[in-house]
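Colleague: Hi! Could you walk me through this structure and its ligand?
Modeller: Happy to, let's have a look together.

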Amino acid sequence: MKERVIIWFRRDLRLADNPALRAALDGDFDSIVPVYIHAPHELGDWAPGAAQRVWLHDSLTAFSDALEALGSRLLIRRGDTTDVLDTLIAESGATSVYWNRLYDPLTIARDKKVKQHLADNDIETASFKAHLLHEPWTVETKQGGPYKVFTPFWKAIKNRAVDTPLAAPDALPEVWSRIGSESLASLELRPKIGWDRGIRETWSPGEDGAHERLETFLADALETYDEARDEPARPGTSYLSPHLRWGEIGPRQIVHRIEEWLDEHRETKTLRTQADSFLSEIGWREFAHHVLYHFPTTPDEPLDARFKDFPWARDHEALERWQQGQTGIPMVDAGMRELWETGYVHNRLRMTVASFLTKNLRVAWQHGERWFWDTLVDADLANNTLGWQWAAGCGADAAPFFRIFNPARQGERFDANGEYVRRWVPELAKLEDRHIHEPWKAPAKALDTANITLGDDYPEPIVDLKESRREALAAFDEIKNDK
Ligand SMILES: Cc1cc2nc3c(=O)[nH]c(=O)nc-3n(C[C@H](O)[C@H](O)[C@H](O)COP(=O)(O)OP(=O)(O)OC[C@H]3O[C@@H](n4cnc5c(N)ncnc54)[C@H](O)[C@@H]3O)c2cc1C
């Protein structure tokens, strides 16, 4: 007798290189039932934030359309996952449930529970690797155990064979019309007040959007990735992070497409170097997942235990001014405003604003991590945790605490003509290049000419950069020698 399988889609909203879907198609099933289960309560504090929900709404729309074009349909359900699956099994007569694996602690715990529950009810389950190039437990140091430093981690895996991506199906079996779905609108993922316009104008969520981004990157930016990736005014990076977050494209597809593109362009040494530099960023993503898998408490606690006692400032006003891009430090404000407007901020700025918050303002990194979680369309528990702990100096392969980014110097170096700052902090638009990153040092005449009264049109700096740096180093000295 032919059987039926449920595919439980989560953060793998794609048809191509989707091993759970492929296994279902290759299995002996006469019907495939695709479902997305909305269960934010199962993810505790790390349920998708506001910007991610905006993305998810559009991504589910795109995925649902893609399934329909092949003759299938995405069912949307909500509730406790086990209950939803039980109901769907009863309605469809399914005997198997397939999904692709994820690696954050709450998802792992939930998935184990679901798997056990289904096994207890004689339902076959299978899970697959789709989200990473290599499973976190397959990489270990020579002494055994997980890596805490990126370079040896990447050296250990960068030449490992990467599975060939699976093709997308040409057609899918129909889903019985009597199996109902909730409406996407009923999940209320989009905000009632339309603050999400900037996000929606900036991005094209979905599998097609992801591949367009990759092709644009290959055509316009890969050849200059190493130089341009640090300049926030240039579109020098791939902008694939939110697509990777929701699995609209998988890392295997990216790696294979890069190699194919190098072949098509008769790989030169220069192109290879640029491509390797980009691929090592995909490596950082693998590393972040490796660290999160092996150190599952890191979203809340520093990996370096000394930082548990760090004398963080409890300065709510400073945190708010940072969140609103009103610190009076142009590079910081530009970054925070880009984040608010588009749900994304350039990596150079992520490092700069995170260093500023945790070191110059000495606000605990978890507050920044939370704000990013709510405002980034690409917020990812592994990458965000690693990024914040890196910036605060308390994580795996972290920047040493005494490395404190000076936002003004960052601006002079990576936004020399102030284009990025002018784009996001328009009140400074008329200020000459040489003053744009330090308006508080500009002579009165230069401010007058640019129509700026500091403290009125644009804030005075919230802290003195040198003084706050000195204070941060002194605070670090207090914990430095503790074990
Ligand atoms: C404080 C802080 C917080 C961050 N939070 C996130 C987050 O929530 N989600 C997220 O995806 N990235 C995060 N990053 C990493 C990085 O800033 C973004 O991945 C990158 O800016 C995304 O832009 P892109 O896709 O154009 O990157 P590209 O330069 O084109 O890189 C390609 C891909 O490699 C991966 N990648 C690149 N840099 C890193 C990195 N440092 N760590 C891990 N993976 C990386 C991403 O998946 C990215 O899409 C954070 C970094 C910092 C310093």
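**Around the ligand**

Modeller: The side chain of Tyr-225 has an N or O atom 2.5 Å from an oxygen atom of the ligand. That is a polar contact, meaning a pair of N or O atoms within 3.5 Å. This is a predicted model, where local features need pLDDT of at least 70 and side-chain atom pairs 80 or more, while totals for chains, interfaces and linings use all residues. Residues are numbered from 1 along each chain as its sequence is written, and side-chain values use heavy atoms, with hydrogens and water left out.

Colleague: Which ligand atom does Tyr-344 lie 2.8 Å from?
Modeller: An oxygen atom, reached by a polar side-chain atom of Tyr-344. With Asn-384, a side-chain N or O atom is 3.0 Å from a nitrogen atom of the ligand.

Colleague: And how much of the ligand's accessible area does the protein cover?
Modeller: The protein covers 94% of the 820 Å² that the ligand has on its own, by the Shrake-Rupley method with a 1.4 Å probe.

Colleague: How many residues surround the ligand?
Modeller: There are 26, and Tyr-225, Thr-237, Ser-238, Tyr-239 and Asn-347 are the closest.

Colleague: What classes are they?
Modeller: The shell has 14 nonpolar, 7 polar and 5 charged residues. Tyr counts as nonpolar here, and Gly as polar.

Colleague: Which helix gives the most to the shell?
Modeller: Helix 11, with 5 residues. Helices here are DSSP runs (H or I) of at least four residues, numbered from the N terminus.

Colleague: New topic: what is the phi of Arg-362?
Modeller: Phi is near 55° there, a positive value in a non-glycine residue. Most residues other than glycine have a negative phi. Arg-362 is in the loop between helix 14 and helix 15 (365-375).

Colleague: And where is Asn-451 found?
Modeller: In the loop between helix 20 (444-449) and helix 21 (465-480). Asn-451 has a positive phi of about 60°.

Notes: A residue is near a molecule or strand if one of its heavy atoms lies within 4 Å of it. A polar contact is a pair of N or O atoms within 3.5 Å; within protein, one must be able to donate a hydrogen and the other to accept it, and residues adjacent in sequence count only if both atoms are side-chain atoms. Helices (H or I, at least four residues) and strands (E, at least two) are DSSP runs, numbered from the N terminus.
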